[in-house]
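Subject: Handover of a structure and findings

Dear colleague,

Please find below the structure that I am passing on to you. I would be grateful if you would look through it alongside the notes that come after it.

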Amino acid sequence: MIGFRKKAEHPGAISLENGDNLTSQSAEVARIWVTDNAGSSVWIDARVLADPIAFGYLVADTMRHAARAYATTYDANEEAMLQAISDGVVEELREQFANITTIQEGKLN
């Protein structure tokens with residue numbers, strides 16, 4: 001039998017230690033990275049949630065989790081953090097400050 005070696009995570013990756021128990025039924029939907037002064041890298045596996053409305057629900061839930069993370073990290077009001085995040089989303093969608101580039105057409109983007 002050939003041994004299986006897990007690929008090491010990037011040093012900037014968020015640790016999943018002491019988090020939810022992921023099972024064989026769990027699937028990663030998105031991965032988002034930022035680089036100082038170089039923008040973001042976003043990978044999305046649309047096959048995991050075939051319904052884009054369900055992906056929207058996930059984004060909204062993610063925003064709520066982010067608001068709580070900001071509030072607890074910076075001792076701030078959670079509702080104010082959610083409003084700030086929502087404002088940023090609306091502004092970016094309206095103004096589209098940056099162009100997005102598709103790296104893998106029809107695959108993870």
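The notes below describe what was found, element by element.

Please bear in mind throughout that this is a predicted model.

The strands

I begin with the two strands. Strand 1 covers residues 30–35 and strand 2 covers residues 39–44; they pair in the antiparallel sense, with 6 bridges between them. Together they make a hairpin in which 3 residues separate the strands. Within that turn, Asn37 has a positive phi of about 60°. Arg31 has Trp43, in strand 2, as its bridge partner.

Arg31 also takes part in a salt bridge, its side chain meeting that of Glu28 at 3.1 Å, N to O. Both residues are partly exposed: the relative accessibility is 32% for Arg31 and 48% for Glu28.

Asp45 belongs to the loop that runs between strand 2 and helix 1. Its relative accessible area is 17%, so Asp45 counts as buried, the cut-off being under 20%. The side chain of Asp45 is joined to that of Arg47 by a polar contact of 2.8 Å. Further along, Asp51 caps the N-terminal end of helix 1, with a side-chain oxygen 2.9 Å from the backbone nitrogen of Ile53.

Helix 1

Helix 1 is made up of 22 residues, 52–73.

Which residues of helix 1 are buried? They include Met63, Ala67 and Ala71. Viewed down the helix axis, the buried residues of helix 1 fall within an arc of 65°, so they line one face of the helix. Those buried residues pack against helix 2, which covers residues 78–95. On the face turned away from the buried side, helix 1 carries the exposed residues His65, Arg68, Thr72 and Thr73. Just after the helix, Asp75 adopts a positive phi of about 50°.

Leu82 is a residue of helix 2. With a relative accessible area of 29%, Leu82 is partly exposed. Leaving aside residues up to four places away in sequence, Leu82 touches Met63, Arg64 and Ala67. Leu82 and Met63 are 19 residues apart along the chain, and 6.9 Å separates their C-alpha atoms.

A salt bridge is also found here, between the side chains of Glu78 and Arg68, at 3.2 Å, N to O. This pair links distant parts of the chain, with Glu78 in helix 2 and Arg68 in helix 1, 10 residues apart. Glu78 counts as partly exposed, at 33% relative accessibility.

Salt bridges

How many salt bridges does the structure hold? There are 5. Among them are the Glu28 and Arg31 pair and the Glu78 and Arg68 pair, both described above. Another joins the side chains of Arg94 and Glu95, at 3.4 Å, N to O. Of these two residues, Arg94 counts as exposed, at 57% relative accessibility, whereas Glu95 counts as partly exposed, at 43%.

With kind regards

Definitions and conventions
Residues are numbered from 1 along each chain as its sequence is written. This is a predicted model: local features need pLDDT of at least 70, side-chain atom pairs count only at pLDDT 80 or more; totals for chains, interfaces and linings use all residues. Side-chain values use heavy atoms; hydrogens and water are left out. Two strands pair if DSSP finds at least two bridges between them. Helices (H or I, at least four residues) and strands (E, at least two) are DSSP runs, numbered from the N terminus. The expected span of a helix is 1.5 Å times one less than its number of residues. Buried means under 20% relative accessible area, exposed over 50%, partly exposed in between (1.4 Å probe, protein chains only). The arc is that of the directions from the helix axis to the C-beta atoms. Contact means heavy atoms within 4.5 Å. A polar contact is a pair of N or O atoms within 3.5 Å; within protein, one must be able to donate a hydrogen and the other to accept it, and residues adjacent in sequence count only if both atoms are side-chain atoms. A salt bridge is a side-chain nitrogen of Lys or Arg within 4 Å of a carboxyl oxygen of Asp or Glu.
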